[in-house]
Amino acid sequence: EIDFLKLYLKLEELRFKDKIEFNFQANDLISEYDVMVPPLLIQPIVENAFKHGLLHKEIGGKLDLIFQQIDDDTIHCIIEDNGIGRENAKKFAKWKPKEYKSSGVQTVQERIELINQEHEQTIIQFKITDLMDSANNPAGTRVEFWFKSLI
């Protein structure tokens, strides 16, 4: 999954050229642990960061994608952008056709619920935080995942 995300970020880097600064971090210890990171949970969130937050930012866009080993059985993934924020992004969505409905986050949440139900325990947690600057204006979005081992 990490290799897939690296490739996806390279493609977006080509598309956005010098408009966005990318920061990708993955602790080397992560590969030593057997923690399930289901495919295509993180990518839609990263895509949303580009499509809804960073696309509308003129200059100085930044995207952080960080994987951290919390303990022997937990990986913490952080996707943080300094885009226009979810509230401002809704203003741009008003110009889209009424039949258009973005479903990336909803689909991710539904998949997490199904995975947790299948394993009869919470192995994946998910949280979205709207970031604000010192004047309380939207300053981006932070999305976090916690993946627990099945062992």
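Helices (H or I, at least four residues) and strands (E, at least two) are taken as DSSP runs, numbered from the N terminus, and on this basis the chain holds 4 helices and 5 strands, which follow one another along the sequence in the pattern α-β-α-β-β-α-α-β-β. The model is predicted, with local features requiring pLDDT of at least 70 and side-chain atom pairs counted only at pLDDT 80 or more, while totals for chains, interfaces and linings use all residues. Residues are numbered from 1 along each chain as its sequence is written, and side-chain values use heavy atoms, with hydrogens and water left out.

Of the 151 residues in the chain, 36% are buried, where buried denotes under 20% relative accessible area, exposed over 50% and partly exposed in between (1.4 Å probe, protein chains only).

In one of them, the ring centres of F22 and F50 are 5.8 Å apart with planes at 50 degrees, so the pair is tilted. F22 belongs to strand 1 (residues 20-26) and F50 to helix 2 (residues 42-54), 28 residues apart, and F50 is buried at 0% relative accessibility. The F24 and F67 rings, with centres 6.1 Å apart and planes at 50 degrees, also form a tilted pair, which joins strand 1 to strand 2 (residues 61-71) across 43 residues of sequence. F24 is partly exposed at 24% relative accessible area, whereas F67 is buried at 3%.

Definitions and conventions
Phe/Tyr/Trp six-rings, centres within 6.5 Å; stacked < 30°, edge-to-face > 60°.
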